[in-house]
Amino acid sequence: MMSVSENLLGNVFGIYLARATDEEILKRKVASGGAVTALLAYALEKGLIDGVVTAKRTEGLEGQAVVARTREELLETAGNKWSIVPFASRMKAKIEEEDLKNVAVVCLPCQAQFFGQMRDFPLLESDFGERIKYIVSLFCIGTFAFEAFLNYLRMKHGIMAQDIKDIVLKGDFLEIYHGDSVLSLPIKEVYSYLQAGCLVCTDYTGTWSDISAGFVESERGWTVLITRNLKAEELVKSAEKDGYIELRDGSHVMGEVLKAAREKLARAQKNMMYLL
């Protein structure tokens, strides 16, 4: 276990580069290796969990929280999301309706903090934290206030919400896939369309999660996985042993992840100064 508990990445048990072995999963991904989908498919098919709560993009940047109970349902949720989707009320309702006992949650760092605190420090009888087995947080620079961002895309670039197929972060640019074209926007140009809360958020990887996942530019096609405890480590290693994922040591990309985390911290500190 690495002794980095006091740095921006939180507790780190292991850091890996992972890639799904299933071609169907790989076909759904653009920048990363589909390892999160493969891990969750493994957990579902081995009976470690009975559902995955995650977000599914519907149109433009809009999305909805869904519960996937099979590999096919999980595949339907694969891909990038750039708006925040309210999980808690949907998750509680689905857990009760379907009597789910062990779920995995795929979420953003802010949501990982909420679910992690509810699981580790329950306060109310109505809390459902004891049913959350795995919290998987995605690396996050922020989510868009999608109505304002879509208006900007329509007014300045003539892109309609229904024509957006995907949005991918590539280096310092955001690529908007629409129709048969790709618009490349400098990321700094669109910062002003992030949610206000994201502009003061300091958590890039989701330090309250069991597993954090994202990608770095130097290893495109692979998913960076950070395990934060023994339970997460066992899940990753078991999925590799059973052939769901390929796994490589990822310690050499720690610097890239830290650089992104520091940039998010610096942005938050700068924006906080305007509020004080």
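# Briefing on a predicted chain

Of the chain's 276 residues, 49% count as buried (buried is under 20% relative accessible area, exposed over 50%, partly exposed in between, with a 1.4 Å probe and protein chains only). This is a predicted model, in which local features need pLDDT of at least 70, side-chain atom pairs count only at pLDDT 80 or more, and totals for chains, interfaces and linings use all residues. Residues are numbered from 1 along each chain as its sequence is written, and side-chain values use heavy atoms, with hydrogens and water left out.

**Whole chain**

- The secondary structure comes to 9 helices and 11 strands (DSSP runs numbered from the N terminus: helices are H or I with at least four residues, strands are E with at least two).
- Among contacts with a separation of 6 or more, 68% join residues 24 or more positions apart (contact means heavy atoms within 4.5 Å).

**Nonpolar cores**

- The largest nonpolar core has 34 residues (such a core is a set of buried Ala, Val, Leu, Ile, Met, Phe, Trp, Tyr and Cys residues joined through side-chain atoms within 4.5 Å).
- Helix α9 (254-275) is among the elements giving two or more residues to this core, and its 5 residues are the largest share.
- Domain 1 (14-142 + 203-251) and domain 2 (144-191) each supply at least three residues to this core; the domain bounds come from an automatic or database assignment.
- F149, L153 and V257 are among the residues with the most contacts inside this core.
- Leaving out residues up to four places away in sequence, L153 touches G158, I159, I164, I176, L183 and L185.
- A second, separate core has 32 residues, including L39, A68, L75 and I211.

**T205**

- T205 lies in the loop between α7 (187-190) and β9 (211-214).
- T205 counts as buried because its relative accessibility is 1%.
- The side chains of T205 and R228 make a polar contact at 3.0 Å (a pair of N or O atoms within 3.5 Å; within protein, one must be able to donate a hydrogen and the other to accept it, and residues adjacent in sequence count only if both atoms are side-chain atoms).
- Beyond four places in sequence, the residues that T205 touches include L8, P109, F139, I226 and V257.

**R90**

- R90 is in helix α4 (residues 88-98) and counts as partly exposed, because its relative accessibility is 36%.
- R90 and A65 are 25 residues apart in sequence, with their C-alpha atoms 6.7 Å apart.
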